[in-house]
Amino acid sequence: MLEQSVAIIARFMQQKAGIQLSANKIYMIEARLEAVVKRFGFAHIDALAASLPMAMGEVQQAVIDALTTNESFFFRDQKPFDAFEQALLPQAIARARDEDRKVRIWCAAAATGQEPYSLAMILAAKKHSWLHQGAEIVATDLSQTALSRAKSGLFTQFEVQRGLSAQQLVQHFTKIDEQWQIAPALQHMVQFEVHNLLHNPARLGQFDTIFCRNVLIYFDVETKRQILTHLARQLPPGGALVLGASETLVGVSDQFKPDPNLPMVFRRPE
Amino acid sequence: MKTCLIVDDSTVIRKVARRILEEIGFEVDEAEDGKEAFEKCAKNMPDSILLDWNMPVMSGLEFLKKLRSYVGGEMPKIVFCTTENDIGHIAMALKAGADEYMMKPFDREILEGKFLGLYQD
């Protein structure tokens with residue numbers, strides 16, 4: 001792969017998705033774009049790169065999808081889900097009750113759906129506590145391909161064995177041929193939409209809690225600030241932002257304060 | 001150190017599972033079928049058992065039922081590990097007293113996740 005091609009693809013991803021691709025990602029770029037090269041009939045990856053800036057939207061979207069879709073699994077890291085179940089959800093329900101509205105959760109980097117469906121399983125177990133208000137999860141991602149898979153609610157045998165207990169599998173899934181289909185009741189709790197984190201999310205409305213885990217690491221500091229400003233506007237004072245285990249806001253944003261009692265949880269100041 | 005008895009008639013599965021479980025800190029023993037596994041448990045009850053379903057002499061399900069009705073046999077955490085990959089078999093295993101269920105083929109991440117998950121508070 002030519003150096004010039006790497007530069008074109010890196011610039012394209014920076015402009016379209018705000019994502020920084022470093023030079024040491026060449027192997028990943030080649031591996032992930034191989035299918036796009038074949039699908040659209042390019043002679044090789046350099047030909048794809050050369051035509052990328054002027055390419056059809058479909059080709060550009062396929063490149064973005066290929067370079068942004070990351071593997072996910074159910075109840076990843078567990079602790080944020082415990083925090084959600086034990087603290088964030090009860091607080092959200094109390095707030096929603098006071099304001100006579102639905103409980104609203106946003107998964108801002110939903111990928112293939114494991115995170116929003118994990119939250120839906122928690123909501124289902126606590127249904128009695130929010131039934132009067134109602135609850136919804138909005139799951140967004142930049143990748144149309146990932147979201148289509150998420151929306152289908154179909155997972156492979158490997159995927160359902162990562163993070164789910166056998167009890168949860170029996171309770172929430174049925175087997176269709178070689179795949180596992182999540183229960184319609186859980187699917188109906190989640191609304192999927194394509195959304196670019198660089199864009200203003202006002203159309204999505206206000207949320208009680210936002211999960212945006214393991215995604216800010218792909219952006220430079222300025223872009224992180226921009227995204228965090230967008231996220232902060234969608235949360236009320238005291239609302240919670242949940243980040244990945246290795247992510248910090250020190251030196252990046254003063255719009256959130258770490259919750260002293262809940263790991264990976266950051267709050268809008270009251 | 002937690003102990004684990006791997007019960008499977010496949011030497012390959014026993015070898016692969018042993019390597020992974022030892023790497024995450026388990027002391028491992030092996031048995032080729034349910035009968036041998038029960039004899040080992042009667043002498044020295046392990047903390048956990050990785051259990052195949054289809055085996056000669058005594059199947060995994062027969063072993064599980066027999067173990068759970070034996071004094072001290074309620075103690076080990078049991079993870080089924082089998083090619084039986086439908087809801088009916090999983091539900092049957094859970095009802096018989098299995099703690100977890102793993103469908104073959106599995107990978108390192110799945111096996112580690114299931115066993116480390118057994119001992120989370």
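Reader: What makes β1(A) and β2(A) a pair of strands, and in which sense do they run?

Author: In this predicted model, β1(A) and β2(A) are joined over five bridges and run in the parallel sense. One of the positions involved is Arg104(A), whose bridge partner in β2(A) is Glu136(A).

Reader: Why is β2(A) called largely enclosed?

Author: Seven of the seven residues of β2(A) are buried, so the strand is largely enclosed by the rest of the structure. Both of its faces are covered. On one side lie Ala135(A), Ile137(A), Ala139(A) and Asp141(A), and on the other Glu136(A), Val138(A) and Thr140(A).

Reader: Why is Glu136(A) called buried, while Lys102(A) is called partly exposed?

Author: Glu136(A) has a relative accessibility of 16%, and buried means under 20%; Glu136(A) therefore counts as buried. Lys102(A) has 42%, which lies between the 20% limit and the 50% limit for exposed residues, so Lys102(A) counts as partly exposed.

Reader: How do you know that Glu136(A) and Lys102(A) form a salt bridge?

Author: Their closest N and O atoms are 3.8 Å apart. The rule asks for a side-chain nitrogen of Lys or Arg within 4 Å of a carboxyl oxygen of Asp or Glu, so the pair of Glu136(A) and Lys102(A) qualifies. Glu136(A) lies in strand β2 (residues 135-141) of chain A and Lys102(A) in the loop between α5 (79-99) and β1 (103-107) of chain A, so the pair ties together parts that are 34 residues apart in sequence.

Reader: What makes Glu115(A) and Arg213(A) a link between distant parts of the chain?

Author: Glu115(A) and Arg213(A) form a salt bridge with closest N and O atoms 2.8 Å apart. Glu115(A) is in helix α6 (residues 114-125) of chain A, whereas Arg213(A) is in the loop between β7 (209-211) and α12 (221-233) of chain A, 98 residues apart. Glu115(A) counts as buried because its relative accessibility is 8%, and Arg213(A) counts as buried because its relative accessibility is 7%.

Reader: Why is Arg267(A) called buried, and what does it touch?

Author: Arg267(A) has a relative accessibility of 15%, and so counts as buried. Arg267(A) belongs to strand β10 (residues 265-267) of chain A. Not counting residues up to four places away in sequence, its contacts include Leu88(A), Gln91(A), Phe256(A) and Leu262(A). Asp259(A) is also among them, and the side chains of Arg267(A) and Asp259(A) are joined by a polar contact of 2.8 Å.

Reader: How do you know that Glu30(B) and Arg18(B) form a salt bridge?

Author: Their side chains meet at 2.6 Å, N to O, and the limit is 4 Å; the pair therefore meets the rule. Glu30(B) lies in strand β2 (residues 27-31) of chain B and Arg18(B) in helix α1 (residues 11-23) of chain B, so the pair ties together parts that are twelve residues apart in sequence. With 25% relative accessibility, Arg18(B) counts as partly exposed. Arg18(B) and Glu30(B) also belong to a network of salt bridges with Arg14(B), Glu22(B) and Glu32(B).

Reader: What makes strand β4 of chain B mostly covered, and which strand is joined to it?

Author: Five of the six residues of β4(B) (residues 77-82) are buried. Four bridges join it to strand β3 (residues 48-51) of chain B, and the two run parallel. In this pairing, Ser48(B) stands opposite Lys77(B).

Reader: What joins chain A to chain B across their interface?

Author: 16 residues of chain A are in contact with 17 residues of chain B, and the two chains bury about 1400 Å² between them, 59% of it on carbon and sulfur atoms. The rule finds two salt bridges across this interface. At 2.3 Å, N to O, the side chains of Arg162(A) and Asp107(B) meet in a salt bridge.

Terms used:
Residues numbered from 1 in each chain as written. Chains lettered and ligands numbered in written order. Predicted model: local features only at pLDDT ≥ 70, side-chain atom pairs only at ≥ 80, totals over all residues. Heavy atoms only, no water. Contact = heavy atoms within 4.5 Å. Buried area = accessible area lost by both parts, 1.4 Å probe. Buried < 20%, exposed > 50% of the residue type's maximum accessible area, 1.4 Å probe, protein only. Pairing = 2+ DSSP bridges. Polar contact = N/O pair within 3.5 Å; in protein donor to acceptor, adjacent residues only side chain to side chain.
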